[in-house]
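Colleague: I'm new to this one, so please take me through the aromatic ring pairs and the parts of the chain around them, slowly and with the cut-offs spelled out.

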Amino acid sequence: MQRLARLSLALGAFFIAAVVLAACGGNNVPGNAVANVDGTLITSQNFSHWLGVAARSQNPTGGGPVSVPDAPTFAKCVAAKKATQPKPAKGQNPPTDAQLKSQCQQEYSALRDQVMQFLISAQWIQGEAADQGVKVTDADVNKRFQQTKQQSFPKEADYQKFLQQSGMTQNDILFRVKLDALSSKIRDKVTKGQGKVTQAQITTYYNKNKKRFGQPERRDMRIVLTKSKSQAEAAKKALDSGQSWKVVAKKYSTDQSTKNTGGQLLAVTKGQQDRTFENAAFVAKTNKVLGPVKTQFGYYVFDVTKITAASQQSLAQARNTISQLLTSQNQQKALNDFVKDFQKKWKDRTNCRKGYITQDCSNAPTPKKTQTAVPQPQTPQGAAPQGGAQAAPQGGAGAAPQGGAGAAPQSGTPQTAAPPTSTGG
């Protein structure tokens, strides 16, 4: 069972799907649907299916009953909680029905919001793919699925057990593979040709950031740190007489990080040590025991065993590194610009029924705080099951499509799958 849970983490990225999507004119949401995305309905039946999957993910190994809080009355949920509540400590009252109902409401809201974010974002991906002329074939989807299934579930019985425990069908998983593939293709299209870097840009970056391509002088040292000058002098006398640093450091030093390693401090650069000690150490010659040096921490006896001179990469040496960095920055800017437009475009086309409204809906309340950066709302936690497609962004449908089906998936509640937030696959 433990192995199945571990393996399910590697396939669960494929649990996202959207089923039974009926066309509808305008932005109206009829009673058999929870949202309308650009004329395509997210049906109540589909929502209920994925709400069940989300609830099941709270018990990924199959243990314990699986139930969804029975909104809006929560009568069954309250009764179940009352039946399983531990006996209160002496002098304490059991939780009231109102308190238990509040817990049920919170659990349901978290599950509902996660499922709505997923179902909306799945429609956003498909709609954006259609607008951009991005397609994936059934053969490509099946090939991606089979490769990941073979890696994650060598035994068919394990895969069937995963389906049973997750509440998903193979069609659900195949559709998640398709979403990942569409997401990856959209990302690639958005970033194509956006990474061009000129030699002038590379030179300008190098001149402004020379320190990033240099190494300061480094010194290997051995130290003994003592509380008193007399102890430091005794340690120095012992070293001068030929005793080893290993013996002397262990006997005299109060520096716990070096006393058992012969006092070694390797690759020290300026700014890492006490300034008084550093001033003495960085003018010292090698292989000469010096001190005591009085500092705020005590008295140092030391020697320098190796000096590595400062170095500076030339523009020619740093060119490839800078080119890769600027290419990544240019692609990320293109993605960020795309995400901003993508979010507004599809949110404006999304209308949700009362009781199912999230911040991805055009009829959502205006947030109290204005976000200046590209928003990436986080997936609700708390009572909501963990997990989800790691290839997909965490949070609302407003995030952008990420990598393909090969990313490390996890089992759990439906997460969002939306266009790319990074250039990584």
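**The ring pairs and their surroundings**

Modeller: Of the 425 residues in the chain, 44% are buried, meaning under 20% relative accessible area, with over 50% called exposed and anything in between partly exposed (1.4 Å probe, protein chains only). Bear in mind that this is a predicted model: local features need pLDDT of at least 70 and side-chain atom pairs 80 or more, while totals for chains, interfaces and linings use all residues. Residues are numbered from 1 along each chain as its sequence is written, and side-chain values use heavy atoms, leaving out hydrogens and water.

The chain has 12 helices and 9 strands; these are DSSP runs numbered from the N terminus, helices being H or I of at least four residues and strands E of at least two.

Now the rings. There are 12 aromatic pairs. Rings of Phe, Tyr and Trp (its six-membered ring) pair if their centres lie within 6.5 Å, and planes under 30 degrees apart count as stacked, over 60 as edge-to-face and the rest as tilted. Phenylalanine 47 and tyrosine 356 have ring centres 5.1 Å apart and planes at 90 degrees, so they sit edge-to-face. That pair bridges distant parts of the chain, 309 residues apart: phenylalanine 47 belongs to helix α2 (residues 44–56), and tyrosine 356 to the segment after β9 (350–352). Phenylalanine 47 and tyrosine 356 are both buried.

Tryptophan 50 and phenylalanine 118 make another edge-to-face pair, because their planes are at 65 degrees, with centres 5.3 Å apart. Here α2, holding tryptophan 50, is linked to helix α4 (residues 97–132), holding phenylalanine 118, across 68 residues. Tryptophan 50 and phenylalanine 118 are buried too.

Follow Phe118 along α4 and you reach helix α7. Phe118, Ala122 and Ile125 are among the α4 residues that meet α7, where the partners include Phe175, Leu179 and Leu182; contact means heavy atoms within 4.5 Å.

Elsewhere, ring pairs join Phe145, Phe153, Tyr159 and Phe162 into a cluster. Tyr159 and Phe162 are among the buried residues of helix α6 (residues 156–166), as are Asp158 and Leu163. After α6 comes glycine 167, with a positive phi near 80 degrees.

Finally, a charge over a ring: arginine 349 lies over the face of tryptophan 346, 4.8 Å from the ring centre. The test is NZ of Lys or CZ of Arg within 6 Å of the ring centre and within 35 degrees of the ring normal.
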